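Please read the following report alongside the sequence and the 3D model.

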Amino acid sequence: MKNHSVAFYVRKGGSAKTTSVFNVAGVLARRGKKVFVLDLDAQGDAARLLSANAPEKPKKTV
């Protein structure tokens, strides 16, 4: 089994990075793939949206 990496990187805000990551991750997960989302955005929106236990923005980010 091969592992693959996909990265979404755009410096400009409001370019739908989080939306794109969720859509691609969702399709891969539905196809039975293991998906790991690493949110390096200072706003932490992906981390907040993926965490059922933390509806607030994270206090610390990478």
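## Overall make-up

The model is predicted, and its secondary structure comes to 2 helices and 0 strands. Of the 62 residues of the protein, 10% count as buried, while the accessible surface comes to about 5,800 Å², with 55% of that area belonging to carbon and sulfur atoms.

## Helix H1 and the residue after it

Helix H1 runs over residues 17-30 and has 14 residues. From its first C-alpha to its last, H1 reaches 20 Å, which is close to the 20 Å expected at 1.5 Å a residue. Just after H1, the backbone at Gly32 takes a positive phi of about 85 degrees.

## The largest pocket

The largest pocket has a volume of about 1,100 Å³. It is lined by 28 residues, of which Ser5, Val6, Val35, Phe36 and Val37 are the closest to its centre.

Which element gives the most to the lining of the largest pocket? That element is H1, which contributes 6 residues, so helix H1, spanning residues 17-30, has a part in the lining as defined by atoms within 4 Å of a pocket point. Sorted by class, the lining of the largest pocket has 16 nonpolar residues, together with 5 polar and 7 charged ones.

Conventions
Residues are numbered from 1 along each chain as its sequence is written. This is a predicted model: local features need pLDDT of at least 70, side-chain atom pairs count only at pLDDT 80 or more; totals for chains, interfaces and linings use all residues. Side-chain values use heavy atoms; hydrogens and water are left out. Helices (H or I, at least four residues) and strands (E, at least two) are DSSP runs, numbered from the N terminus. The expected span of a helix is 1.5 Å times one less than its number of residues. On a 1 Å grid over the protein atoms alone, a cavity is a set of points where a 1.4 Å probe fits but cannot get out, and a pocket is an open set with protein on both sides within 12 Å along at least five of seven lines; lining residues have an atom within 4 Å of a point. Grid points are joined across faces, edges and corners, and a volume is the space filled by probe spheres set on the points. Ala, Val, Leu, Ile, Met, Phe, Trp, Tyr, Cys and Pro count as nonpolar, Asp, Glu, Lys and Arg as charged, and the others, Gly among them, as polar. Buried means under 20% relative accessible area, exposed over 50%, partly exposed in between (1.4 Å probe, protein chains only). Accessible areas come from the Shrake-Rupley method with a 1.4 Å probe; for residues, only the protein chains shown count as cover.
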